[in-house]
Amino acid sequence: MNERLDWLREKTYLLTTAPGVYQMKDKTGHIIYIGKAKNLRNRVSSYFAKTPNHTPKVAKMVENVYDYDFIVTKSEYEALVLECSMIKQHSPKYNILLKDDKGYSYIRISPPPYSRITAELQKPSSGELLGPYTSSFVAKQAAAEASRVFMLPTCKKVFPRDIGKGRPCLNYQIKRCMGVCTGKISEEEYADIIKEAADFIKNGSEASVERLTAQMNEAAERLEFEQAAKLRDRISAISRAADCQNIIAEKLPDTDAVAIARNNGEACAAVIMYRGGRLFDRAEYFLGEDDTESAMLEDFVTQYYSGGREIPRNIVLGTEIQDIEDVERLLRERSGRAVDVMQPQRGRFMRLAEIAKANAEEYLSIRVGRTAAEISALETLAKMLGLKKTPLYIESYDISNLGSADMVAGMIVFENGRPCKKMYKRFSIKENLVQNDLACMQEVLRRRFNHYLDPEETDEGFKRLPDLILLDGGRNQLAAVNEVLWEMDIDVPVFGMVKDNNHRTRAITADGGEISISETKAAFMLVTRIQDEVHRFAITYQRKKHRKSSFELGITSIKGIGEKRALKLLTAFKTTEALKKASPEEIAQAAGISQNAAKEVYEFVQNSL
């Protein structure tokens, strides 16, 4: 707990509502966080609120804030530019800092004669270099693709020393190698092919096809049909390679696709780079999840392109950001030319954004020990429901009863897309004596959040505030629970889960109506699992309680056994299974009854359980 929070709140009351940049400082005066704001007072005061809902990273930062400074700017754009400049200058601890913790890879074209094209993890000292590439996989893929398309030798023979020595290898027989070793390829012809392969790597398939097509037509006009046939085969190979790329065969300006995936306090930003109409490179950065996805993506983009990186013609974002015009203006000024920052909803650019999102989810899944499908399901659900953040901690409730007897409720928890059974809770309905699902649901939620508001509460399951509540029911249950949460000043989004006539999950109920989830498989499967699990948990408890109450009613009919002794028996043996295994002597000792009464209890237990 920060002891200076009251002082910081008082200072914030006097802040201006103008746009600007703020600097959070620790006790030593070091800047630990820098941010921009459209309204300085509103933004800074959100850090020091009495009932904050911070992510763990922001909460930790607030604990270390001793004071703050601010700079007022004339516009939001000036605040954005100043924020980028100051982050680069001070490298604050709690900002997104993009440090390259890995080396770069290169593609090397060895010196002539008979150059080879290879991928290198370290920067070679000789030969022509292409790159650098942030991904060694992309460098290896590009070098292998060029060798395959242009039928370059990949064997260990040294040319021209080994020309004519020995028989050609299998690659030559299956037309994967041009066969330099046969002596049929001159040094000049091979050098031209290497130039074409380098051009293919640098400029992509479209430029190579256009140039080779022109050469093929010229060779045909000169009646050099053998050369024209070779060029035709090379064009065909390039086209087949292009078909394997994750991009349709149409002209596409240089484009970066950027997306963020989040889970369990971690986030991953993925950048997929397309150059010359084909996949060129990719990069992934792990970030601390400290804000909304939109805010994190905006911060990432502005900082990523502040480090001297190439700014392409198009930048495709996987999530909408608020200040897209200011970000676009900033990148245009840095690149000195037109740059389009877009948030596509359909078409080829949307497919690029989806590829970036899938990459971010896959890399994050490895980091946090979750599958990409689980991460995708939570993020999709958040978007469908319009949530401010991904619901990593979900509580779900269901009422179960037999008429007005043995009324109970079950509370289950899904954490990071999986059941967290240690947090499950059971509730016996106490306040409502007749069947009324709405009143019972209100009772359960009121009892649950009374635990949360109790400063002396120690139960981990009650102390935590969920990111989302899902009720097994429709609009009536939703309205009843929202009334309770409003009375208790609990700010948690609540939705209902609706089943069809076949008792299968159909939709999610919101205040404004129903939200269909059947079209989104990942979210649909997650909600179905939650609804099935909360129903199973609640009805299992109800049946157990019903069996227990039926047993208690039956055992009290035995002479000498009242409610207190029946309860004493159940307390001593804890389960009916243990009681069934007990001998008459053990029963008599536990309940403090005679041997004759114990024998009657023993016979009743053996016949009724």
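Visitor: In which strand is Lys425 found?

Guide: In this predicted model, Lys425 lies in strand β15, which covers residues 425-428.

Visitor: Why is Lys425 called buried?

Guide: The relative accessibility of Lys425 is 13%. Buried means under 20%, so Lys425 counts as buried.

Visitor: What makes the pairing of the side chains of Lys425 and Asp459 a polar contact?

Guide: The two side chains come to 2.8 Å. The cut-off for a pair of N or O atoms is 3.5 Å, and therefore the pair qualifies as a polar contact.

Visitor: Which residues is Lys425 in contact with, leaving aside its neighbours within four places in sequence?

Guide: They are Ala409, Gly410, Met411, Asp459, Gly461, Phe462 and Phe537.

Visitor: How many cavities of 30 Å³ or more are found, and what lines the largest cavity?

Guide: The search of the whole structure gives 2. The largest has a volume of about 60 Å³. Its lining consists of Cys155, Lys157, Phe159, Cys169, Tyr172, Cys177, Gly179, Val180 and Cys181; this lining divides into 7 nonpolar, 1 polar and 1 charged residues.

Visitor: Which elements have the lowest and the highest mean pLDDT?

Guide: Helix α8 (residues 225-243) has the lowest, at 68, and strand β10 (residues 314-317) the highest, at 94. For the protein chain the mean is 82, with 88% of residues reaching 70 or more.

Technical notes: Residues numbered from 1 in each chain as written. Predicted model: local features only at pLDDT ≥ 70, side-chain atom pairs only at ≥ 80, totals over all residues. Heavy atoms only, no water. Helix = DSSP H or I, 4+ residues; strand = E, 2+ residues; numbered from the N terminus. Buried < 20%, exposed > 50% of the residue type's maximum accessible area, 1.4 Å probe, protein only. Polar contact = N/O pair within 3.5 Å; in protein donor to acceptor, adjacent residues only side chain to side chain. Contact = heavy atoms within 4.5 Å. 1 Å grid on protein atoms, 1.4 Å probe; cavity = no way out; pocket = protein on both sides within 12 Å on 5 of 7 lines; lining within 4 Å. Points joined across faces, edges and corners; volume = space filled by probe spheres on them. Nonpolar A, V, L, I, M, F, W, Y, C, P; charged D, E, K, R; others polar. pLDDT = per-residue confidence, 0-100.
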